[in-house]
Amino acid sequence: MGSINGDSAPSPESALILGSSLFDGDTVESLTLTFRRNTTAENIEFFVEVSADLEDWETLDSAFVSSVPNNDGTETVTYRSLSDVALTNREFIRLRVLQTP
């Protein structure tokens, strides 16, 4: 993900944070993925995907939760799975980043 210094070096502020949180009136626990995004980066698309088997990935099964400005040209963005952890045998979540022409 690179650093906030604009280079490709890894740094703690660019780490992906995986977790789970309660939604829908604290009745549904879902996987969450939080990452820092450069708001001035051009031609970059982010896709949060979920899978039950690490082979078939779907973007339709995730939803935007929040975006918080960091006042340094980046924002911290959180997405969640739409599945309830209590009702799912297993689920994986990932961030796919693409450079567009």
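Where does L54 lie? L54 sits in the loop between β3 and β4, strands here being DSSP runs of E with at least two residues, numbered from the N terminus.

Before I continue, please note that this is a predicted model, in which local features need pLDDT of at least 70, side-chain atom pairs count only at pLDDT 80 or more, and totals for chains, interfaces and linings use all residues. Residues are numbered from 1 along each chain as its sequence is written, and side-chain values use heavy atoms, with hydrogens and water left out.

L54 has a positive phi of about 65°, although it is not a glycine. D24, in the loop between β1 (17-23) and β2, likewise is not a glycine and has a positive phi, near 55°.

I turn now to charge. On the surface, D53, E55, D56, E58 and D61 gather in a patch of negative charge. Residues in such a patch have over 30% relative accessible area and no salt bridge, and like charges are joined within 9 Å; a salt bridge is a side-chain nitrogen of Lys or Arg within 4 Å of a carboxyl oxygen of Asp or Glu. D61 belongs to the loop between β3 (44-51) and β4 (62-69) and is partly exposed, with a relative accessible area of 34%.

Finally, consider T32, in strand β2 (residues 28-38). T32 is buried, at a relative accessible area of 7%; buried means under 20%, exposed over 50% and partly exposed in between, with a 1.4 Å probe and protein chains only. Leaving aside residues up to four places away in sequence, T32 touches I17, L18, G19, S20, S21, F23, T78, Y79, R80 and I93, contact meaning heavy atoms within 4.5 Å.

How values were computed: Patch = residues over 30% accessible without salt bridge, like charges linked within 9 Å, V, L, I, M, F, W, Y side chains within 5 Å. Areas by Shrake-Rupley, 256 points an atom, 1.4 Å probe, with all protein chains shown as cover. Lys, Arg positive; Asp, Glu negative; His and termini not counted. Charge placed at Lys NZ, Arg CZ, Asp CG, Glu CD. Helix = DSSP H or I, 4+ residues; strand = E, 2+ residues; numbered from the N terminus.
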